[in-house]
Amino acid sequence: MNSAILIIEDEYALAAALSTLVRRLDATPVVAASGQGGIDKLSSQTYALIILDVGLPDISGLKVLEKIQSLPNPPPVMIITAHGTLDTALEARRLGAREYFLKPLNLADMQRAVREILTPVKVEQRTETTMIGSSEPMQRAFAVIAQASGNDAPVFLQGPPGSGKSLAAQVIHRHSSRSTQPLIVFRADEWPEDRAEAALDEAIARAGQGVLFLDEISTWSKPLQAALMHRLNTGTMQARLFTASSHEAAPHLREDLFYALAVLQVTQPPLRDRTVDIPALAASFLGERVLSAEALAALKSHAWSGNVRELKTAMAHASAVCSGSTILPHHLPQSIVQPDESNHLETTLKRSIAAWLDQKTTGSDEKMPAYDDLLETVESIMLESLLQRFEGKPTRLASAMKMNRATLRRKLREE
């Protein structure tokens with residue numbers, strides 16, 4: 001890489017630590033202990049990046065930033081400060097600072113940010129799509145959606161809030177024989193109880209021979225359910241019916257109404273059950289930006305109570321605060337960067353292992369697999385995943401995970 005990076009920092013220990021970080025990235029650090037010293041060094045050579053402290057002994061780092069930005073081709077600037085205030089952050093952004101870090105610095109985050117500036121990731125062109133998912137739960141949902149697109153049967157969509165029920169309804173409508181007809185959405189909770197039935201009739205009339213989407217039908221009152229059932233029985237409704245519920249609907253609906261509506265059932269899984277889909281989903285929301293490996297790990301460990309809708313909001317947040325091409329952990333919302341206490345990934349792992357053990361150990365004692373064989377299966381899965389993270393290099397894996405290299409190579413040969 002062999003790029004020069006100017007570090008304008010008056011604290012010797014921190015300047016030394018940042019210099020080590022820069023060398024680690026195969027770049028050359030140049031240190032100035034004052035604002036004026038940094039300005040003087042700007043005239044002697046060009047820099048790929050400037051790391052600038054706000055609290056300098058002679059002049060404010062923001063004044064130095066203003067001077068940097070007046071250059072014909074100003075390099076990117078990363079601001080660091082011990083006393084971050086709203087005014088400082090706003091002024092730094094206004095003056096074009098690329099990143100903004102608070103002391104005490106997280107040097108790992110700093111290193112990722114510097115690497116991203118020096119070697120920006122090339123973003124591949126992505127094709128737009130409507131629904132994303134390679135996980136098994138989504139593949140099952142896609143199969144029913146495809147079936148529903150090819151006929152006129154009523155469709156019942158179930159899944160937690162934010163899991164994509166409305167999007168699934170739009171996809172089915174768009175690919176059905178009624179695609180040229182309107183899709184009308186009706187929510188009973190948007191109307192006073194004494195107006196709900198009249199509003200339902202208005203929605204039926206507007207839908208005509210198109211599609212009527214009855215959202216959150218499990219919240220409907222019994223009289224309104226009876227009114228809908230009456231219209232179905234009398235044949236006055238020409239529209240195809242889609243219904244959706246964020247909760248188990250059967251206990252809340254009349255039995256005859258449930259079976260009339262749930263001819264085809266699409267289940268949208270919660271995001272915590274399809275974390276394998278998070279990279280593709282996040283990429284679809286980020287546009288020209290990409291996720292760092294560390295940011296992706298944070299996303300996968302989050303519980304996602306708001307499901308895909310929450311992920312979309314988190315990516316909008318990250319895009320708003322990231323001025324580069326790569327989303328780093330500190331660009332994510334605080335609720336995602338700091339893990340919650342639910343440990344849902346560990347819970348999911350325990351549940352998966354329990355199900356796998358049930359399958360493997362069902363039968364007589366004589367047919368039980370050896371414990372070492374079970375352990376070897378689990379370990380081989382771990383090693384395969386870890387090896388991919390270290391670009392297929394066992395030496396790097398062994399060093400990072402504090403493993404004996406000879407033992408690791410033996411295990412890899414035995415797979």
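1. Contact is taken here to mean heavy atoms within 4.5 Å, and axes are lines fitted to C-alpha atoms, for helices over the stretch in contact, with angles running from 0 to 180 degrees between N-to-C directions. Helices (H or I, at least four residues) and strands (E, at least two) are DSSP runs, numbered from the N terminus. On these terms, α6 lies across β6, β9 and β10, and runs at about 145° to β10. Helix α8 (residues 196-207) also packs on the sheet, where it touches β7 and β8 (211-215), its direction making about 170° with that of β7.

2. The model is predicted, so that local features need pLDDT of at least 70 and side-chain atom pairs count only at pLDDT 80 or more, whereas totals for chains, interfaces and linings use all residues. Residues are numbered from 1 along each chain as its sequence is written, and side-chain values use heavy atoms, with hydrogens and water left out.

3. The sheet is open and consists of five strands in the order β7-β8-β9-β6-β10, with parallel pairing (two strands pair if DSSP finds at least two bridges between them). Its edge strands, β7 (183-187) and β10 (264-267), each pair on one side only, and neighbouring strands are turned by 20° against each other on average, direction ignored. Strand β6 (residues 155-158) is joined to strand β9 (residues 240-245) by four bridges, and Leu157 stands opposite Ala244 in β9.

4. The structure holds 16 salt bridges, each being a side-chain nitrogen of Lys or Arg within 4 Å of a carboxyl oxygen of Asp or Glu. In one of them, Glu9 pairs with Lys103, the closest N and O atoms being 3.5 Å apart; the two residues are 94 residues apart, Glu9 in the loop between β1 (4-8) and α1 (12-24) and Lys103 in the loop between β5 (99-102) and α5. Both Glu9 and Lys103 are buried, where buried means under 20% relative accessible area, exposed over 50%, and partly exposed in between (1.4 Å probe, protein chains only).

5. A salt bridge also joins Asp215 and Arg187 (3.4 Å, N to O), linking strand β8 to strand β7 across 28 residues. Asp215 is buried at a relative accessible area of 10%, whereas Arg187, at 25%, counts as partly exposed.

6. Asp201 and Arg231 form a further salt bridge, with the closest N and O atoms 2.5 Å apart, which links helix α8 to helix α9 (residues 222-234). Here Asp201 is partly exposed at 32% relative accessible area, while Arg231 is buried at 12%.
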